[in-house]
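Here is a short briefing on one protein chain. Look over the sequence and the structure first, then read on.

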Amino acid sequence: GKRMHATVVKIAKENLGGTVIIASHAAAIRALYAQVLDIPRESVAGEIPFPHNASATTLIYDGRKLRAVEYSFRDYIQE
């Protein structure tokens with residue numbers, strides 16, 4: 001989670017004012033989301049489910065920190 005957070009913040013800083021898409025595995029996305037929400041590592045399993053395959057998780061970087069907007073959005077997927 002800490003490595004994902006640091007990497008996403010670095011990418012966000014390099015692209016201030018822009019939109020960036022980052023693809024990753026479910027466990028890394030879940031760990032990143034827990035970092036953003038400041039959820040302790042030992043509580044992640046009970047508080048954050050794994051994101052769905054091909055879902056979108058949206059974060060916003062305000063120049064200082066990442067803010068959670070949406071987790072595991074998949075309404076665009078037609079089954």
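The points below go from the whole chain to single residues.

This is a predicted model. It has 3 helices and 2 strands. Two residues, R30 and Y71, get a closer look, and they touch each other.

**Overall build**

- From the N terminus on, the elements follow the order α-α-α-β-β.
- The radius of gyration is 13 Å, close to the 12 Å that the globule rule gives for 79 residues, so the protein is as compact as a globular protein of that length.
- Along the principal axes, the C-alpha atoms fill a box of roughly 35 × 35 × 20 Å.
- Of the 79 residues, 23% are buried.
- Take the contacts between residues at least 6 apart in sequence: 42% of them join residues at least 24 apart.
- The protein exposes about 6000 Å². Carbon and sulfur atoms supply 50% of that area.

**R30, a buried charge**

- R30 sits in helix α2, which covers residues 26–37.
- Which side chain of opposite charge is nearest to R30? It is E47, and E47 is 10 Å away.
- A salt bridge needs a side-chain nitrogen of Lys or Arg within 4 Å of a carboxyl oxygen of Asp or Glu. R30 is buried and has no salt bridge.
- What does the side chain of R30 reach at 3.5 Å? It reaches the backbone oxygen of A45.
- Set aside the neighbours of R30 within four places in sequence. R30 is then in contact with V44, A45, I48, P49, F50, P51 and Y71.

**Y71, a buried residue in a strand**

- Y71 belongs to strand β2, residues 66–73.
- Is Y71 buried or exposed? Its relative accessible area is 19%, and buried means under 20%, so Y71 counts as buried.
- Residues up to four places away in sequence are again left out here. Y71 touches I29, R30, Y33, I48, P49, F50, P51, A56 and T57.
- A polar atom of the Y71 side chain lies 2.5 Å from the backbone oxygen of P49.

**Salt bridges**

- Side chains of opposite charge can pair when their charged atoms come close.
- How many salt bridges are there? The count is 2.
- K10 and E14 form a salt bridge through their side chains, at 2.8 Å from N to O.
- K10 and E14 both lie in helix α1, residues 2–14. They are 4 residues apart, about one turn of the helix.
- E14 is exposed, with a relative accessible area of 51%.
- R64 and D62 also meet in a salt bridge, at 3.8 Å from N to O.
- R64 is exposed at 70% relative accessibility, while D62 is partly exposed at 43%.

**Positive phi in the loops**

- Most residues other than glycine have a negative phi.
- D38 has a phi near 60°, a positive value in a residue other than glycine.
- Where is D38? It lies in the loop between α2 and α3, and α3 covers residues 44–47.
- D38 is exposed, with a relative accessible area of 68%.
- A54 has a positive phi of about 65°, and it is not a glycine.
- A54 is placed in the loop between α3 and β1, where β1 covers residues 56–61.
- At 57% relative accessibility, A54 counts as exposed.

**G17, an exposed loop residue**

- G17 is found in the loop between α1 and α2.
- Its relative accessibility is 91%, and exposed means over 50%, so G17 counts as exposed.
- How far apart in space are G17 and S72? They are 23 Å apart, C-alpha to C-alpha. In sequence, G17 and S72 are 55 residues apart.

Methods
Residues are numbered from 1 along each chain as its sequence is written. This is a predicted model: local features need pLDDT of at least 70, side-chain atom pairs count only at pLDDT 80 or more; totals for chains, interfaces and linings use all residues. Side-chain values use heavy atoms; hydrogens and water are left out. Buried means under 20% relative accessible area, exposed over 50%, partly exposed in between (1.4 Å probe, protein chains only). Lys and Arg count as positive and Asp and Glu as negative; His and the chain ends are not counted. A polar contact is a pair of N or O atoms within 3.5 Å; within protein, one must be able to donate a hydrogen and the other to accept it, and residues adjacent in sequence count only if both atoms are side-chain atoms. Contact means heavy atoms within 4.5 Å. The radius of gyration is taken over C-alpha atoms; the globule rule is 2.2 Å times the number of residues to the power 0.38. Accessible areas come from the Shrake-Rupley method with a 1.4 Å probe; for residues, only the protein chains shown count as cover.
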